[in-house]
Amino acid sequence: MELEDRIQKLAKWLNGTDINMPQWQFSKMIHSAKIRFTDHSILRVIQILGDLGNWQRVLQVVEWLQSHQRFESYKSRYIYTTVLNVLGKAKRPVEALNVFHAMQQELSSYPDLAAYHCIAVILGQAGYMKELFDVIDCMRSTPKKKFKLGVLQKWDPRLEPDLVVYNAVLNACVQRKQWEGAFWVLQQLKQQCIQPSSTTYGLVMEVMLVCEKYNLVHEFFKKVEKSSIPSALNYKVLVNTLWKEGKTDEAILVVQDMERRGIVGSASLYYDLSRCLCSAGRCEEALSQIDKLCKVAKKPLVVTYTGLIQTCINSGSIENAAYIFNEMQKFCSPNVVTCNIMLKAYLEHGMLEKAIDLFQKILDGIHHISHKSSCSDRAIPDKFTFNIMLEACLSSKDGMILRMLT
């Protein structure tokens, strides 16, 4: 417990200090923690910094280890794999590739299946197709660098890609809109006698959706139904396809069928169904999905309402956007992003009085802030707010707006 306390304190110190601090000062801070550096202690520091979202400091810790010969034995693949996890959450594919290449330079840190999974998922989500296939080639090949194996003469790190890696390729296909790649993945799985999961089919369906091959989305959904129980991902892609096809009623029926089967829908599924209904002008039905969404959602409610408002605006209905904006205020306070969207929409549709009224409410809200905790539930105008109103002032030559701004 004492060791864990010291590790926690060190991680918080590192997180709270300037990222551009001199190397000697950084090293002094680490040593001042009086921690014996083992795989466990370094791993914990990296995990805590990762949870805090400080991927830059994580890389500094790794670089510090690399620069100290006395810690050479701690170049563990477990540490590097944890670093890959942190970079994956931070969506830093370039830095992750650098770490992966560093892993290949030492026998003790040479990538195993867990590391390949990490780097494949990161590259797939980023759409780095070429780099992902390079990683697959590395999996199947012997190391380029000759290691002194000693007693590990029979060591063979070669591996075959598994379902996780192929799913990562499908993710890259979604980003790159390459439907041919999806069929290549299915062919590879068939050759290796790997049964595609519902997630695999869901990703294939996503590829077909972004490539606007809607008939193939329906075909693959039927394949899922024949081989297994469809997942929330499968239903989500199907709902989005029906939305693109303008089949709002069918999208509702699909979700009802999912619920009858006892499948728990994801927050993104209910969100997409709500947006589908909003784009069709059925806002009351869209708002009825909010209760279901709240049961599984992780994002704040204000984000959901803002997305629905933007959907109404994109579909050309400022009236529906205003309706949702008013309904939203019964359950949560609009943030500055929501207010900026509404201000711009009002002005673009010639509703100057509505925009001025909303702007005045934002300004009035500032005067009621008594302490910092009050800021979290109020819209604080930012530079975009004032820019939107300044543009309105220029276009309308309305002195009232100018007086409010000053």
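**Entry 1: a phenylalanine pair**

At 30% relative accessibility, Phe-386 counts as partly exposed, because the buried class requires under 20%. I then checked Phe-359, which is at 0% and therefore counts as buried. I note here that this is a predicted model.

Next I looked up the geometry of these two rings. The centres of Phe-359 and Phe-386 are 6.0 Å apart and the planes are at 90°, so I logged the pair as edge-to-face. Phe-359 belongs to helix α21 (residues 352-367) and Phe-386 to helix α22 (residues 383-396), so the pair ties together parts that are 27 residues apart in sequence.

**Entry 2: confidence**

The mean pLDDT of the protein is 88. I also noted that 91% of the residues reach 70 or more. Residues 367-375 fall below 50 in pLDDT. Beyond near neighbours in sequence, that stretch has 5 contacts in the model.

**Entry 3: other aromatic pairs**

I searched the whole structure for aromatic pairs and got 9. One of them is Phe-133 with Trp-184. Their ring centres lie 5.2 Å apart with the planes at 70°, so this pair is edge-to-face. Phe-133 sits in helix α8 (residues 129-140) and Trp-184 in helix α10 (residues 179-191), so the pair ties together parts 51 residues apart in sequence. Phe-133 is partly exposed, with a relative accessible area of 29%. Trp-184 is partly exposed too, at 28%.

I then followed the ring pairs into a cluster. Trp-179, Phe-183, Tyr-201 and Phe-220 are linked in this way. Trp-179 also has a charged neighbour: Lys-213 lies over its face, at 4.6 Å from the ring centre.

In residues 162-196 the end C-alpha atoms lie 10 Å apart, and the span is 77% helix and 0% strand. In residues 231-265 the end C-alpha atoms lie 8 Å apart, with 74% helix and 0% strand.

**Entry 4: helix α19**

Is helix α19 mostly covered or mostly open? I found that α19 (residues 318-328) is mostly covered, with 8 of its 11 residues buried. Among the buried residues I listed Ile-318, Ile-324, Phe-325 and Met-328.

Methods. Residues are numbered from 1 along each chain as its sequence is written. This is a predicted model: local features need pLDDT of at least 70, side-chain atom pairs count only at pLDDT 80 or more; totals for chains, interfaces and linings use all residues. Side-chain values use heavy atoms; hydrogens and water are left out. Buried means under 20% relative accessible area, exposed over 50%, partly exposed in between (1.4 Å probe, protein chains only). Helices (H or I, at least four residues) and strands (E, at least two) are DSSP runs, numbered from the N terminus. pLDDT is the predictor's confidence in each residue, from 0 to 100. Contact means heavy atoms within 4.5 Å. Rings of Phe, Tyr and Trp (its six-membered ring) pair if their centres lie within 6.5 Å; planes under 30 degrees apart count as stacked, over 60 as edge-to-face and the rest as tilted. A charge sits over a ring if NZ of Lys or CZ of Arg is within 6 Å of the ring centre and within 35 degrees of the ring normal.
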